[in-house]
Amino acid sequence: MSKKKNKKHSSKDSSSKNEFKERHMEFASLLPEIVFETDAKGNIVYANEIAFKSFGYSRKEFDEGINAIQTLAPKDRDRARKSIGKIMRGEKVDANEYTAIRKDGSTFPVAIHSAPIIYGNKPVGMMGVMVDLSNLKQAEQKYRILFDSSPDLIAEADEEGNFLTVNSAMAKSLGCSIDELIGKNGYDVLPKEVVDKRLQIARKAMKENKIQEWSDFRAGRYFYNSYVPIVDVVGKKRIQLIARDITEQKSVEEKYKRLFDSFPDGICEVDEAGATIISINHVMAKNFGCKPEDMIGKAFSDFLPKKLYDYQYKIGRKALDKNKIQEFEDERAGRYFYNTFVPIISKNGKKYIQIVSRDVTNRRRAELKYRTLFESSRDAIMMLSPPSWAFIAGNPSAFKMFNAKNEKEFTASDPWTLSPEFQPDGQLSSEKAKKMIEKAMKTGSNFFEWTHKKLGGKEFPATVLLTKIELEGKQLLQATVRDVTKQEEIEKSLREAHDELEKRVKERTAELTETYEKLQESERKYRLLFDVSPVGIGVVDVKGNFIDGNAAMEEMTGYSIDELKSKGLGDNYANPDDRKRLVKELQKKGRVRDWEVKLKNKAGEVYYSIVDFETIDLYGRKGYITIQRDISKQRDYEQEIIQTKNRLQNVIDGASEIILAVNQNNNMSTWNKTAEDVTHYKQKQIVGKNLAKLKVFDRPKELEEYIKNVYDGYVGGLDLILRTRLGSKKIFRVHGSIIEKGKQLQGAILIGYDVTGDSEAHGKLLPGNGYLLTDENIKPSLDLFVGLITSEHDGLFITRTSLNDIQNTFPSIDVDIVYLSQENIKGVECIYDPNTLAEKIDEFTSKHSKPAVLLDRIDYLLSNFSFGEVMNVLYKINDIIARNNAILLLRLNPLILEKQQFMLIKEELKPLPSKRVEDIELEDTLFDILTFVYGQNKQNVLVSYQKISQEFSISKVTTGKRLSILKDKNLVSIKMKGRLKSVSLTGKGEALLNRRMAV
């Protein structure tokens, strides 16, 4: 009995082994490399098809018997026998490289990976994989040419530091030949401490599989070193050493550093990414009151006022974007700087800015002082330049004097063309002018009388002062010309006036008497106006002594005029610093207008006032008249408006609905807190921007059209789709109304609530999403797909379903069809490769406005490609669907997949939204109320308890009971709208109503 049982088990084992061997051989035949098996003597007992093609042997020759050693070149056979012996003894042997020999005698390089075949705890043969290295060897030859000709020092070493190969530059640097170095250890040619350090770096590179870079100095030269970890074709680790001589570069850097540090101008370098200071010299650091080490590594914005930094950042950005030097001046802490922003791109493509800043404060002050004098002088000032001595500049007084429209017209002339032909002494103006110029250049200045001529031809007498000056290293003449026409006329007039003086004294005395009487009358009128004015008016002298004031001033301050005269107005300021600033402004400008300040009255009460001061003449002395207006009530009104506005904003932000508003240009003006929380877009990212340019709106044109309809009186709603910053979509049912100021249209406000859940719960497929259909039968999927097509979607159907069945499914609907097949079928587009399928879906969905794709029979792809390949393509397809705002329906029978695979697909795609509503039985009376509420909601009409009671002629109590039943079943919602209860259908109620209506 026991023997029979063992025999039975043996038969089963044999059958299992044969089955395993068949699967093994079938798998080996699919591999792109040579796979073989030998017996214990090395005779090949199995080889895959690649082996026959590679060596040129036929099946017949193979069956006659071929030993594995025969396939190798004679020079490699002894080494191969030793390796086989080790393998058969159970020793571990790494992959080795050999030269293989074909039947026709040609050879090719290979790498062989082998392992023993164990049966009954004994090695009975060997299995192996042979990799053709022909292409690799060709690449190695090209690499060797580059390796040997490189000016850099290059070598390769194993983990112990033994040189495997070196180039000529490396051998020369170590004072050896290439042959002498290969096989030697680093310790044989370099000091121990040097090798220890480099081995440590090399092992770190191999352990972390990461390039290690560092610099060092040896034998009077600088080197930049790279240690590159390498794993060869047989899996052995080694390190490639690359050393570049950077001595010349270092020398240039040192020279630049010395120049950088000693340069009289401030210099620093700032990177592009974070505007971080990379380097800075002492002069630049001193300009900011810092030391270089305190600034390096910190953001440039840490050392400048925000406004100035933003301005400089824009200039730096412009320099980088246009790759062009930018120059400008700025002012910091009372000093002026001339700045040059130089864009620099490093060898690795990194961008940064070099800033050169020169302190030009002294020059600017001198220029400003001179320019002020030059521009504001009442005398005509002009500049003459050798050798022609033509005018090169002039001030406004010069243009006016000679009737020139502008500087261009003025500088088109020279001194003698703006003079008559002859001077009063008979000399030619052209000759005498040159003599005057020569004298000024020789002595430094020359003052003389001259007759000039305006551009219109009119002559006038003048005095001229020529002064030699130097400007930017060039000697020039400054001419100061004064028109003395009036002076001569005044002298003449004085003589005539002297004669008339006595005659007019008597006449003037009579006039003064009459004027005095009129003045007294004017003063009486002024006093009346002064006293009855509703604003406080006072008169003070330059020392602040109070001279006079009106009743309103007494009422505002609480002091009598006599008290004000004894104490003045100085103590009336709530903040003494306000008085100091006002006095300073008054001394500077001679007047103060609309100065808002806090004052206090005699009782100590603070009030806000607008103060004006104007300079007046106080009987030959300087004084001021002050006018004060109490604006405390106005300030209270303004504060109340601000508080009201803040309360309104709090209401908007505290609302559970989203609230957004636009102006007439469709620029966003309101974005409440709920909108921020839902979309993750902050108010500052939205307000002020045009809605068409905002990513948050999925269909901006549809929204613009809706707003336009609201302006035209439309009262209906809109299902607004918002894209969140996290990539998801939300649907809000919004209702809009216009915003008016007076009768002027200002914009529109939209208020809405989230109906995303309702939309998905009642069967709405959202564009930009992929849905998983797990029906075993394709019919429900086709019904859903046909429904999309008939609702104006463009369809693409991908399937393995029979072509006759497809034609019967879409007899009158235009649908693009792709058949999954390797074969070419006439009249049908066939696709086999998953990536080609993804490209087809991208092409289709990108060129249609409302694309829908039904992908059926994914099992066909899984049969021809790995699950990982198909899954990667599915990820790509779902990204395409989201990008092109399409709908994907993927039908998959879950029974054909393993559970883990099915869960991965289920995780990527959304489940199909439910269309079911739980069975609810309603009386016809309740159903009629539901229908009535639905109709009123659609017309955007508020449905109150009273309206339902009137519609169905039932009492308020009965109405309340019936609505309570509907509310308990979650078919209606009831909310307070002011003092009324408003009734509206829930999504569940609407779905039930739709189902009942369909029935």
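Biologist: Let's start with Asn 339; which strand is it found in?

Modeller: Bear in mind throughout that this is a predicted model. Asn 339 is found in strand 14, which covers residues 335-345.

Biologist: Is Asn 339 buried or exposed?

Modeller: Asn 339 is buried, since its relative accessible area is 2%, and buried here means under 20%.

Biologist: And which side chain does the side chain of Asn 339 join in a polar contact?

Modeller: The partner is Ser 357, and the polar contact between the two side chains is 2.8 Å. Setting aside neighbours within four places in sequence, Asn 339 is in contact with Gln 326, Glu 327, Phe 328, Glu 329, Asp 330, Arg 332, Val 356 and Ser 357.

Biologist: What is the strand order in the open sheet of five strands?

Modeller: The order is 12-11-15-14-13, and the pairing is antiparallel.

Biologist: How many bridges join strand 11 to strand 12?

Modeller: Three bridges join strand 11, residues 266-271, to strand 12, and the two run antiparallel. Across that pair, Glu 269 stands opposite Ser 279 of strand 12.

Biologist: Which helix packs on the sheet?

Modeller: That is helix 12, residues 306-322, which touches strand 13, strand 14 and strand 15 (351-359), and whose direction makes about 170 degrees with that of strand 13.

Biologist: Switching to helix pairs, at what angle do helix 30 and helix 31 cross?

Modeller: The axes of helix 30 (residues 867-883) and helix 31 (residues 899-908) cross at roughly 10 degrees and come within 11 Å. Helix 30 is therefore roughly parallel to helix 31, given that angles under 35 degrees count as roughly parallel. On the helix 30 side the contact is made by Phe 867, Met 871, Leu 874, Tyr 875 and Asn 878, and on the helix 31 side by Gln 901, Leu 904, Ile 905 and Glu 908. By residue type, the contact of helix 30 with helix 31 divides into six nonpolar, two polar and one charged.

Biologist: And how far apart are the axes of helix 28 and helix 30?

Modeller: The axes of helix 28 (residues 834-846) and helix 30 are 10 Å apart, and the helices pack at an angle of about 5 degrees, which means that helix 28 is roughly parallel to helix 30. Residues of helix 28 in this contact include Ala 838, Ile 841 and Asp 842, while those of helix 30 include Val 873, Lys 876 and Ile 880. The contact of helix 28 with helix 30 has seven nonpolar, two polar and three charged residues.

Biologist: What about phi at Asn 403?

Modeller: Asn 403 has a positive phi of about 60 degrees although it is not a glycine, and its place is in the loop between helix 14 (396-401) and helix 15 (407-411). Asn 940 also has a positive phi of about 60 degrees without being a glycine, and Asn 940 sits in the loop between helix 32 (924-938) and helix 33 (945-952). At 46% relative accessibility, Asn 403 counts as partly exposed, and Asn 940, at 38%, counts as partly exposed.

Biologist: Last one: how many bridges pair strand 38 and strand 39?

Modeller: Strand 38 (residues 972-977) and strand 39 (residues 980-985) pair in the antiparallel sense over six bridges, with Met 976 opposite Lys 981 of strand 39. Their hairpin has two residues between the strands, and Gly 978 takes a positive phi near 70 degrees there.

Technical notes: Residues numbered from 1 in each chain as written. Predicted model: local features only at pLDDT ≥ 70, side-chain atom pairs only at ≥ 80, totals over all residues. Heavy atoms only, no water. Axes fitted to C-alpha atoms, helices over the stretch in contact; angles between N-to-C directions. Helix = DSSP H or I, 4+ residues; strand = E, 2+ residues; numbered from the N terminus. Parallel < 35°, antiparallel > 145°, perpendicular 65-115°, else oblique. Contact = heavy atoms within 4.5 Å. Nonpolar A, V, L, I, M, F, W, Y, C, P; charged D, E, K, R; others polar. Buried < 20%, exposed > 50% of the residue type's maximum accessible area, 1.4 Å probe, protein only. Polar contact = N/O pair within 3.5 Å; in protein donor to acceptor, adjacent residues only side chain to side chain. Pairing = 2+ DSSP bridges.
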